[in-house]
Structure formats: C-alpha cells, structure tokens
Amino acid sequence: MSCQKLAFATLVGGCLINILPTQLLADTNSKFVPEGYVKVFGDEFNGNKLDISKWWTRYIYEDGKLASLNDEMQLYRENGNHFMTNNSLALVAYVVPTDKPRFQYESGMIRSKETFKYGYYEARIKLPSAIGVWPAFWLNSDSDAEGKVAWPPEIDIFEFAYNGTEDRSNMIHIGAVVQQKGDFNPWDGKELYADKSFDKKWHNYNAPFSFPDDYHVFALLWDTDDTITWYVDGLKIFSMKYNWVLSSGKDAPNAHVLLNLAIGGQWAGRHGVDDAEFPQSLDIDYVRVYQKTGKINKGKSTIGHDLIGEQTRSPFKNAKAKRAPGPTPYPTVNSKWPGKGVIRKFGWMDDNRKWFWTQRENDQGAIVFTGDSLPGNWGSLKESFPGVKVANRGIGGDVSRGLLFRFQEDVLDLNPKAIVIEVGTNDLTAHGNPDDAKSNLKDILAMVKAYNPDLPVILCTMPPSNHPNAPIEPSQKAALNKYIIELANGEKNVVICDLYTPMIDKDGNQITTFFADDKLHFGQNGYDKWAETLNPIFKQIKITQ
C-alpha cells in the first residue's frame, strides 16, 4: 500500500482570527495552490501514530460518537483502522461479521478538530479498488456556539461510490448539497463552469484513467466570493455558486474536513460488496488547507472523543481470515502490488503460501523466519533451535516487494514472538534499485511497529554470493547491506544479524565451506553459522533462555 499527507485548519474559541504570515506553517506546498494563499495547517502523516491533536475518528453527531451514516454497512472503529506507514495514512476496512445484518464491516475515518470557512483544500489520495467501497473527502459544518449541529451545508470534494456498473473506477461524484423548497433556496447552486468530462446531470467526473491505479490530487477552491471550484490533478472540473448557510438562510458554523472509507449501501453496494478483496484501504499521502493571506478564518471543534487508543486489532489483520479458504492471491497487474521496485512471481510461490495457510493455527506464537530461499531452504530450522517454537515463511525467489505483499497473512497473522527477516539478494540479481528494497523493508518495519511496537525484529544482512548466473555488483550489495543496518538505528525493537562479515575471509572473499555448490545458497555449515550468530541475539532480546 502507499499513502500520503493531510492538512487542515483550526478554530480558536469559535472566533474569527487573523494570523500573520510569520505564524503560518511553512511545510511542503503543492504546485496547484492558488496565488496569494498560505498554508494554515499541515499534517503530512510522517509519524507512526495518528496525531489525535488534529483528528477525531467519528462523525460529530450523537455527541461525536456516530459510527455510520445513511445506509452504509460499516461501523467506524479504532481497531487497526488507522494504519500509519511513517509517510502516509491508510484508512482500512475489514470484513467483520456481526449479529446485525446491516453492519458487516469495520472501517476508519478522520474528522479535523480544526474548522474553516473558505480556503483551498487539497489531498493526495489513492482510492480502494473493491466493488462496494464508498470513500469520500468532504466538508461538513461544525456545531454552533450553543453546541447544536445542523445539516446542510455540505461540500463533497469527491465521493467514489464504486458499484462497478453505473459508477465505474474512472468516475467520482462531486457537488454541494442544495435542498430547495419551493422558491426558497439559500444555498444558490448556480453552475458557472463545467469541463467536457463532467456529467452535469449526475455530477460525475469521468476521468481518462482508473482512480484506484495510482495516487491523484483532489482539490477544492472555496473562494470568499462564495464560489466553489473542483480540481483533479490540477484540472479544473466544475464551478458553482454556493452559500455556506443553514436551511434558514443563517450563516452556518465553519466546516471541518472529513475523509472516510464507507462500505456498501444502495449506491456503492447496489450490486453487492466484493468481500474477497478485503481488507481495503483509502491511502492518504497528505491533506492540506490554505487560506488567503489576511483573510484567515479558522476555528476549533469541541464535539468529539479521542478513541484511537482503544485499538484491539492489529493493523491490516484480516478479520475474515478464519473463514477464508486460502491466502490472498498475488496481484495480476503491477499497479496492485504494494511497495516499489522489481516484482518476481513463480508458480511455486502460490503452492508455498497455500501450505503456509494450512499451518496458521499450528504456528501461532512462533519465532517466524521469513524472506527468500535462504530462510526458505532451512530444512533443519527446528533442529537448529531445540525447545524453541519456530515457523518458516521463506519463499525461494522472493524479493522485498513480494514479502511486503504477503507479510500480513504469512507473518503478522501468526502473532509471532519475534521475526527474523532475510531478503534482498533477489532484488539485486533482478537489477533492482537498493533504494527500493530499503523502502519496502521500511514499510515492513512500519507494519510491525503498528502491529506491536515491542515485537522484536532481527534484520539480517545479505551474505556474500558468487553465482555466475546471478551476479551482483559488489557496490550494490554493500549499499543495501548498509541500508539494512541503518534501518535499525534508533529502533528499540530492531536488531541486526550480520551474515556477511562471518562468511568472508580476511581478504574479503566468500568462505565457500558455508555455501552449496552454487555459491549462492547455504549448505548445512552456513545454516549452522547462522544459528550460531542468532542464538546470542535471541538471548540478548530475551526471547530464549
């Protein structure tokens, strides 16, 4: 999965305030920001936890605890539904059967604690891909000075109600709520501009691409002359007049910003929900809010509860796993793979993963060894660690991107006592970039940290190799091993197991007695040396006696 950054603004005591430029945030700006606008809030989602000083995780209604709207089929929860990758946020939806026929899913949402009137709102987002998903990026009014909540107004920066038939993967719905009663219409709604790709009848933008295939920049310019204009990747889509007022015509409270991943209902779920494709995620790189210099108008919402600390499920743990028939199939198109760099897929990988699936219950709580053929071929693994519960999840030929794809089901779903990772050689023999492998390993460590920040991880450097049909440029291996070591810096739960230094002689040549005849894979001596290197590490981090 990938994600991105979010940005929003803040109300102060319900009063309109002016903030000098020196008080404004000087974070990363978008190339699409209108001239004369300055950022008034920024959240780039670069941490490992959602910043609850900026976000609620439920709707404002029912005292800030409402977990579903309309006829949606999910309940918003905090059980691993807000997954931080250290550079993005994923709002994650799981299949969670309940005794209530309507609610069969749990998902995530965020609502800004800061509120705004007017401004330029932008988020870089990758949309989910399963039939029946209904993510949205929108503005809704806050409570008034007496704590009362009313609706409309509402501006939908986008809704992606993907039912696969009437609403396809290249379509988003945009608009603002106007409920005209007779001649009385305080919101206006007059159309000012429409791109040729915009369907004015249904308010759909028909893009020349499929939205779930990549990240896109969604934006709304809400100008002080009460016009609102929508943009996708900088393209102007539609513009209209819109007054931010209540149905009485009275000015409405400022708007908070919401992003949510709803599921089902009569719109998105018209033709069912494809449970086999879950979990699904709305991946957010950033959200940012800008306002005109000298016309800063922000506030702070007071209705909500900090619930994010009550998580009971591991991020991306598949809630339907116990009744699923097998592992999630490998993606058939490159854009569906998480991470970066080379992809390798061989038929035996499916067979390996099907076998792993049959051992899920037996291997609960084990020290899990994972990666490529080096751990995968360790046939004497149990004998190497007598009295210790171990599980092997290595697959021959695997690369870091493949490990990232299967890491949740093959490793984290085992509730491991510790994890030993050795991967990277195949990235380099396939002419991959060491930076991509490092990025994938970083994402894997982020998944571990979100699952359990105290779970021990032993990262192994790549041993020397000298196979004529699988050459590796020495500088590339040195760079990736250096990156692997750097990933452990400052991480209390990550320890390095050096497999390179013990397997070279004083002249830097491979000690061939550790290796099979191909000089790439370990022989038994190599596995004995690996176990000898790991045992003191296990004792150091207190996972063995």
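Author: Angles under 35 degrees count as roughly parallel, over 145 as roughly antiparallel, 65 to 115 as roughly perpendicular and the rest as oblique. Axes are lines fitted to C-alpha atoms, for helices over the stretch in contact, and angles run from 0 to 180 degrees between N-to-C directions. This is a predicted model, in which local features need pLDDT of at least 70 and side-chain atom pairs count only at pLDDT 80 or more, while totals for chains, interfaces and linings use all residues. Residues are numbered from 1 along each chain as its sequence is written, and side-chain values use heavy atoms, with hydrogens and water left out.

Reader: At what angle do α6 and α8 pack?

Author: Helices here are DSSP runs (H or I, at least four residues), numbered from the N terminus. Helix α6 (residues 400-410) packs on helix α8 (residues 434-451) at about 15°, the axes being 9 Å apart. The two are therefore roughly parallel to each other.

Reader: Which residues of α6 and α8 make the contact?

Author: Contact means heavy atoms within 4.5 Å. On α6 the residues are S400, R401, L403, L404, F407 and Q408, and on α8 they are A437, N440, D443, I444, M447 and V448. By class they divide into seven nonpolar, three polar and two charged (Ala, Val, Leu, Ile, Met, Phe, Trp, Tyr, Cys and Pro count as nonpolar, Asp, Glu, Lys and Arg as charged, and the others, Gly among them, as polar).

Reader: Is the crossing of α6 and α8 left-handed or right-handed?

Author: A crossing is left-handed if the near helix is turned anticlockwise from the far one by less than a right angle, and right-handed if clockwise. For α6 and α8 the crossing is left-handed.

Reader: How do the axes of α3 and α6 cross?

Author: Helix α3 (residues 347-358) and α6 have axes that come within 11 Å and cross at roughly 20°. That makes α3 roughly parallel to α6. The crossing is right-handed. R353, F356 and W357 in α3 meet F405, R406, E409 and D410 in α6, a set with three nonpolar, no polar and four charged residues.

Reader: What is the angle between α8 and α9?

Author: α8 and helix α9 (residues 474-487) pack at about 25°, with axes 9 Å apart. They are therefore roughly parallel to each other, and their crossing is right-handed.
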